Amino acid sequence: MFSSSMLAYRRWNMKRWPLSKGPLVTLLVAIGIEGFSRLLFDIPFVAPMFLAVAYAAFLGGLQSGLVSAAITSAYALYAFAVPGSFLVYSDNNLIRVLVVIGTSIAMALLVGGLKRRVEHDQSKILHIQHYQSLLLQSVTDSIIATDAQFRIQSWNRASETIYGWSAAEVCGKPIFEVLPVVRYLDGIDSDQAKARLKQQSFWKGQVIQRRRDGQEISIEASVRLIQDADGSTVGVVTVNRDMTEYQKAQAERTQIEERQHFLAQASSILADSLDYESTINTVTQLAIPHLADWCVIHLIGKDGTLRRPVAAHVKPELVEIIRELQQRSPIDLDANGPIIRTLLTGETQLVAEVDPVNQRAVSADDYHYRMLDVLGFKSYMIVPIIAHGYTLGAATFVSASRSYTAADLEHMQDLMRRCGMAVDNARLYHEAKEAIQTRDQLMLTVSHDLKNPLSAIKGYANFLRRRVGSMDAPEAVWLEDNLAKIDATTKKMGALLNEMLDFARLQAGQTLDLDPCPTDLITVVSQTVAEYQQATERHCIYVATSVPELVGLYDPARLERVLANLLSNAIKYSPDGGEIMVEVESISQDGEAWAAINVRDWGLGIPAADLPHIFDPFRRAGNVQGRVRGTGIGLTIARRIVEQHGGALTVASVEGAGSTFTIRLPVAVLPNAAPVSFDEASA
Ligand code: ADP
């Protein structure tokens, strides 16, 4: 057993030996010369000692050479001395001694110096080689060098990491054997790649190779032929970069972007689907083939029962099979099964790889089991359709070829959340539509039915007024006054009912039954203004007109309603009182005669944000809500009445500065018919 001190000695000895070996040889040579040349020659033949000095300097360097030169010099001093005396020399021998000393020192310096130089250069080379090797080992790309026969000569650490083979295992083996190319990815084949390498001495491209463990990896390879001065190939250097992880990450990113784009698209498509059927059809169209080969969607109806499921398959001819399976074994909410579980608990389910046991579990019978194979049943997921915390249904997505992942499930959940909102919106939309229809129907019926009792009240009031008028009783005046009030109120109620009736008809998509007759607008305006002026003391209503009359074919009662609405609004929305101006003018537009009525006030005005929608039903501006009472239907009807007369009703308004409503009506060229007076028409 080696002790550590023995090992240290051996290391020292190995290092020292070339140093001491030269002087030892020199000493032996000196002894040899002393022994042999003395027998043969008078003067010792010292030439071999120079060789010994050179040998010592070559072997042990300058130090060793100088020791050998010292031994040689000492021997010369001894050998050339006058026999029997010490350091006494004849002239000739003194010269010899000096020559030997000089030559041996020169020899030691020369060879030792040369050796030092060589050693220095060598160490430099070794240093560079060491640095290069470190560099080679530290890069993350695989760098492989071969000889002219493409046998691997150099295989860095990254090559070991990427391919799984150690340098010892592959060095000396042909590179094509160790690293065969499974396929080229740039649309070229092996022959083309080799031809390019031969032609250009360089080839770069993407390839699929196999690791030691059999796993395929994507490699970006740069191959260069190494040639000597006369152009013959001495080897190949290939730098290979493992792109597998990078490409995987790249693909995942791309996938995330694609999915986000898909969801954004889905959201906007779903936002447009206002009924349940179109929402579900949209979802199935979106899912197939993007996310699934086939899918079935079960929705729970308002009554808590299951609706007829919707199915879709990437091969439309197979949808019939899905329907048949559902008819043969419909899903029962009281039974067990994965879809019921999701419907009842809102839980998602993912089966990445369907095995026979699983397939059997979801099959109602053998036929069902076999048909799942026909449809393709490799992987599936069931995702609940939830809105506002309620499970509205469950969507089952099936892939025939790939395995779903957790990321797929998350993606589907996202889609189904949007679907849930869309289904819910569709439901709300339907409910709202139904409610509106009911309301309009009710308005139509009520306003129609109220007209008869109202006419009766009006009739009785008029009858009583006539009777009271002929009576000579002290209460007669008082009674007549009150009966006149009843009459006026029933008139107002009648106008309101007519408005409601018109509105209900318009809402139901009907047009109004106009009763047009030659009507003078100046008269209609004057009388309506007079009526409204009576009702207010804080406002002054002016009429300005440059024409004595403006006759057209109008429904006078309805036009009166339009004017009444605009005037009552001008009064209502000028709470501080003030002036109201009604201008009536005749204008010519594109060669045609038109009547224009402007109703102008300097009241609250309409905020800019509300202005474009102010004619919409039930629309009331933000600055009047909660401040002035109203229904928001007057302008809607007014505009429709004017439009049905072939005209237009527009508004210009600035909040805080006032409003101007303008009615434009075509002025008819009338035959010689006398205009109907306003009182006659509205009676
Ligand atoms: P209502 O007056 O019953 O609310 P209308 O359909 O007649 O309904 O008017 C709709 C809305 O238009 C009003 O609520 C009000 O905000 C605005 N508006 C109408 N006329 C005027 C006006 N002259 N000045 C300011 N706002 C008006």
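The model is predicted, so local features are described only where pLDDT is at least 70, side-chain atom pairs count only at pLDDT 80 or more, and totals for chains, interfaces and linings use all residues. Residues are numbered from 1 along each chain as its sequence is written, and side-chain values use heavy atoms, with hydrogens and water left out.

Let us begin with the strands. Helices (H or I, at least four residues) and strands (E, at least two) are DSSP runs, numbered from the N terminus. Two strands are said to pair if DSSP finds at least two bridges between them. By that rule, S1 is joined to strand S2 (residues 152–155) through three bridges, and the two run antiparallel. If you look along this pair, you will find Ile144 bridged to Trp155 in S2. Four residues separate the strands in this hairpin, and Phe150 takes a positive phi near 60° there.

Which strands pair with S11 in the antiparallel sense? One is strand S7 (residues 294–299), over six bridges, with His298 facing Ala394 of S11 as its bridge partner. Another is strand S10 (residues 379–387), over nine bridges, where Met381 has Phe397 of S11 as its bridge partner. S10 and S11 also form a hairpin with two residues between them, and His388 in the turn has a positive phi of about 50°.

A further group of strands makes an open sheet of five, in the order S13-S15-S16-S18-S17, with mixed pairing. Its edges are strand S13 (539–545) and strand S17 (648–654), each of which pairs on one side only. From one strand to the next the twist averages 15°, with axes taken as lines fitted to C-alpha atoms (for helices over the stretch in contact) and angles running from 0 to 180 degrees between N-to-C directions. Within this sheet, strand S16 (residues 592–601) and S18 pair in the antiparallel sense over eight bridges. Ala596 has Arg664 of S18 as its bridge partner. In a regular strand the side chains alternate between the two faces of the sheet.

Now to the charged side chains. Side chains of opposite charge can pair when their charged atoms come close. With a salt bridge taken as a side-chain nitrogen of Lys or Arg within 4 Å of a carboxyl oxygen of Asp or Glu, the model has 26 salt bridges. One of them joins Asp141 to Arg241, with the closest N and O atoms 2.9 Å apart. Asp141 lies in the loop between helix H3 (91–138) and strand S1 (142–147), while Arg241 is in strand S6 (residues 233–242), so the pair ties together parts that are 100 residues apart in sequence. Asp141 counts as buried because its relative accessibility is 14%, whereas Arg241, at 41%, counts as partly exposed.

The closest N and O atoms in the salt bridge between Arg259 and Asp408 are 2.4 Å apart. This pair links distant parts of the chain, with Arg259 in helix H8 (residues 244–272) and Asp408 in helix H14 (residues 406–469), 149 residues apart. In another salt bridge, Arg211 and Asp213 meet at 3.3 Å, N to O; Arg211 is partly exposed at 22% relative accessibility, and Asp213 is exposed at 53%. Elsewhere, Asp502, Arg505, Asp555, Arg558 and Arg561 are linked in a network of salt bridges.

Our last stop is the lining of the largest cavity, which is made up of Leu521, Leu559, Val562, Leu563, Ile597, Ile663 and Leu665. A cavity is a set of points, on a 1 Å grid over the protein atoms alone, where a 1.4 Å probe fits but cannot get out, and lining residues have an atom within 4 Å of a point. Helix H17 (556–572) and strand S18 (658–666) are the elements that give two or more residues to this lining, and H17 provides the largest share, three residues.

Methods:
Buried < 20%, exposed > 50% of the residue type's maximum accessible area, 1.4 Å probe, protein only. 1 Å grid on protein atoms, 1.4 Å probe; cavity = no way out; pocket = protein on both sides within 12 Å on 5 of 7 lines; lining within 4 Å.
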